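These are my notebook entries on one structure.

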Amino acid sequence: MTQAEERFHVRLRVADDVVEVRAVGEIDIATVGAFRAALWAAPARPLLRLDLSGVQVLSAAGVRALVAAHLRVRARGGELVVVDPDPVVARVLRVGGLHRVIAVRHGDAPVGALPRPLAACA
């Protein structure tokens, strides 16, 4: 097992209407390839549920992969929802303004009827 594999792993679960991706570890320049590959491997479903409760680090490379996955899922007519991010990861999402673009749910908040994100005004 490589050092990157020891620091990060992903589980994928596919159902009829949802794909659940659970990431655990650190998402940084050394592990972002595995993170991106898992997101790209997810089959098209109306909902991609990304559990980041086990992620302690989300670097700029991880943020870029997350945004790219969000755009890809939306282009297919679906929605990416980040679920239960670690407090440090939630702060990264807030500081970067991503919580306004990508749905973020904490705890048992329902994921079903999600509001569509507002378009940014220039």
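I began with terms: two strands pair if DSSP finds at least two bridges between them. Helices (H or I, at least four residues) and strands (E, at least two) are DSSP runs, numbered from the N terminus.

I noted that this is a predicted model, in which local features need pLDDT of at least 70 and side-chain atom pairs count only at pLDDT 80 or more, while totals for chains, interfaces and linings use all residues. Residues are numbered from 1 along each chain as its sequence is written, and side-chain values use heavy atoms, without hydrogens and water.

Entry 1. I found that β3 (residues 47-58) and β4 run parallel and are joined by five bridges. R49 has V81 of β4 as its bridge partner. From β3 the chain passes through helix α3 (residues 60-75) to β4, a right-handed β-α-β crossover (with the strands pointing away from the viewer, the path from the first strand over the helix to the second runs clockwise).

Entry 2. I then turned to the other partner of β4: three bridges join β4 to the parallel strand β5 (residues 103-105). Here V82 stands opposite V104. With helix α4 (residues 87-95) between them in the naming, β4 and β5 make a right-handed β-α-β unit.

Entry 3. Why is β4 largely enclosed by the rest of the structure? Five of the five residues of β4 (residues 79-83) are buried, so the strand is largely enclosed. Buried means under 20% relative accessible area (1.4 Å probe, protein chains only). E79, V81 and V83 cover one side, and L80 and V82 the other.

Technical notes. Buried means under 20% relative accessible area, exposed over 50%, partly exposed in between (1.4 Å probe, protein chains only).
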